[in-house]
Amino acid sequence: MPAPQPAHYFRRLGVWDAAMIVIGGVIGAGIFRTPATVAQLTSSGTEVIVLWTLGGLLTLAGVLCYAELGARRPQAGGTYVYLREAFGQLPAFLFGWTMALINYPGSVAAVATTFADYACRAAGLSAEWVKPVAVGAISFIVTVNLFGIRAGAWVQNTFTVLKLGAVALLIVVGLFLARGHLGLAFAADPTHDVPVGTIVGALLPALFAYGGFHYLNDLAGEVREPQRTLPRALGLGMVSVVICYVLVNVAYMAGLGHAGLAASTAPAADLMRRVFGESGATIIAVGIACSTFGYCSIAIAGGARVLQVMSADGMFFRPIARIEPRTGAPQFALVALGGWAIVLILSGSFNALLNYTTVGEWLSHAFGIATIFWYRKKLTSEPSPYLVPGYPWLPLVFTTTVLCVIAATAIDTPGDAGMSLVIIALGVPVYYLWRRRSAVTRR
């Protein structure tokens with residue numbers, strides 16, 4: 001009898017599904033909170049809008065680069081695969097160590113807790129319900145994804161449409177509040193006179209809010225006609241996000257002013273409260289809950305694929321590499337990632353992990369996009385169906401700018417940046433120990 005074929009992923013995602021993954025992976029909780037942080041580090045509304053526009057353009061440059069990488073290697077694993085091919089197994093493992101084992105579950109834990117917080121507020125539940133609701137949300141998402149990418153995509157598409165509705169509501173309300181004096185929103189704020197170096201560092205929180213565009217590449221093994229679909233979906237999704245983010249910040253500035261935005265701890269709720277009172281704050285709480293829930297669905301699905309590919313390479317527990325033949329889902333990887341995120345929720349340690357791995361996340365983007373230079377030089381015999389425009393300048397501008405922002409952040413907050421580098425460095429001995437374990441297992 002013929003030998004059984006190994007299970008593999010099913011290509012079931014079209015352009016609409018893929019674009020929704022890009023939008024849903026980027027828009028989480030950041031745009032509802034981070035603008036206040038950016039305002040605190042700037043001197044005027046004009047600087048705020050410029051920073052969000054620059055962050056969007058920079059991320060678009062990165063997305064165009066990821067479109068070429070995805071077209072070249074349309075398979076699950078994304079950045080892990082690019083780093084493995086271009087720079088070797090160790091850099092790829094360090095990416096997986098930092099992202100799939102720490103950043104992904106840490107971000108899922110943090111955003112699931114944010115979802116639970118807003119959901120409990122909207123439902124009138126006490127704070128004691130936050131952790132149980134967060135755990136329940138992750139458990140539900142993992143369960144749905146066990147049935148395959150189509151089931152997960154249905155949930156993700158629904159909540160992405162709902163989160164876009166919440167963003168549109170903020171934009172309409174903010175511009176309504178302007179009522180002809182929008183220019184005042186861009187005036188200088190005498191209460192915030194900050195040095196240039198701090199303004200440059202303010203780009204990092206904006207970039208953090210733009211992060212998440214890489215999740216589609218993690219799921220590239222399940223995209224139909226990936227050489228065509230990936231570039232279209234990445235471009236369409238990211239352009240939509242940039243437009244939304246810039247307009248939301250204009251709405252914040254129009255409704256709250258620069259000083260009000262800088263002083264706010266919940267700008268979306270404050271903006272809605274000015275028009276609709278407490279009912280407005282409740283409405284946007286529901287919108288933020290939908291946004292954060294949708295992000296968790298995408299992060300769990302994408303992170304599980306990275307774990308599965310790492311395991312298939314012998315760089316993690318072998319059962320995690322299994323793909324369920326009937327559904328095409330990496331079920332053990334999904335359960336492992338969701339379970340670890342639940343542990344982080346119950347321990348309350350996810351905020352520190354996120355602070356420590358933000359620098360590592362953007363380092364991985366910089367080095368991931370740098371692999372384009374390797375592909376262009378070494379694989380001239382394998383022409384890509386999509387080429388990033390403006391090569392080599394676009395990937396060079398992205399990597400250089402990201403590294404400069406990371407350097408400015410390291411100077412401003414050396415503790416978090418240093419811990420990020422320590423976490424990455426700790427992966428080196430783990431890598432060699434795992435290689436030795438894998439060698440012994442094969443004997």
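**Pocket.** I looked up the second largest pocket in this predicted model and got a volume of about 220 Å³. Which residues line the second largest pocket? I wrote down Leu-83, Phe-87, Pro-91, Leu-94, Phe-95, Thr-98, Gly-360, Leu-363, Ser-364, Phe-367 and Ile-424. Then I sorted the lining by element: α4 (79-87), α5 and α15 (350-378) are the ones that give two or more residues to it.

**Aromatic pairs.** Next I went for the rings, and the structure holds 18 aromatic pairs.

My other pick was Tyr-104 with Tyr-215, which is tilted: 5.5 Å centre to centre, 50° between the planes. This pair links distant parts of the chain, with Tyr-104 in helix α5 and Tyr-215 in helix α10 (residues 215-218), 111 residues apart. Is Tyr-104 buried or exposed? I have it as buried, because its relative accessible area is 0%, and buried means under 20%. Tyr-215 has a relative accessible area of 1%, so I put it down as buried too.

**Cluster.** Back to Phe-93 and Trp-97: I found them in one aromatic cluster with Tyr-431 and Tyr-432.

**Charges over rings.** I noted two arginines here. Arg-121 lies over the face of Tyr-118, at 4.8 Å from the ring centre. For Arg-376, the charged end sits over the ring of Tyr-391, and I noted 3.9 Å from the centre of that ring.

**Confidence.** How far do I trust all this? The mean pLDDT of the chain is 86, and 92% of its residues reach 70 or more. Which element has the lowest mean pLDDT? I get helix α8 (residues 196-201), at 65, while helix α6 (residues 130-145) has the highest, at 94. I also flagged residues 1-5, where the pLDDT is below 50. Beyond near neighbours in sequence, that stretch has 0 contacts in the model.

Technical notes. Residues are numbered from 1 along each chain as its sequence is written. This is a predicted model: local features need pLDDT of at least 70, side-chain atom pairs count only at pLDDT 80 or more; totals for chains, interfaces and linings use all residues. Side-chain values use heavy atoms; hydrogens and water are left out. pLDDT is the predictor's confidence in each residue, from 0 to 100. Helices (H or I, at least four residues) and strands (E, at least two) are DSSP runs, numbered from the N terminus. Contact means heavy atoms within 4.5 Å. Rings of Phe, Tyr and Trp (its six-membered ring) pair if their centres lie within 6.5 Å; planes under 30 degrees apart count as stacked, over 60 as edge-to-face and the rest as tilted. Buried means under 20% relative accessible area, exposed over 50%, partly exposed in between (1.4 Å probe, protein chains only). A charge sits over a ring if NZ of Lys or CZ of Arg is within 6 Å of the ring centre and within 35 degrees of the ring normal. On a 1 Å grid over the protein atoms alone, a cavity is a set of points where a 1.4 Å probe fits but cannot get out, and a pocket is an open set with protein on both sides within 12 Å along at least five of seven lines; lining residues have an atom within 4 Å of a point. Grid points are joined across faces, edges and corners, and a volume is the space filled by probe spheres set on the points.
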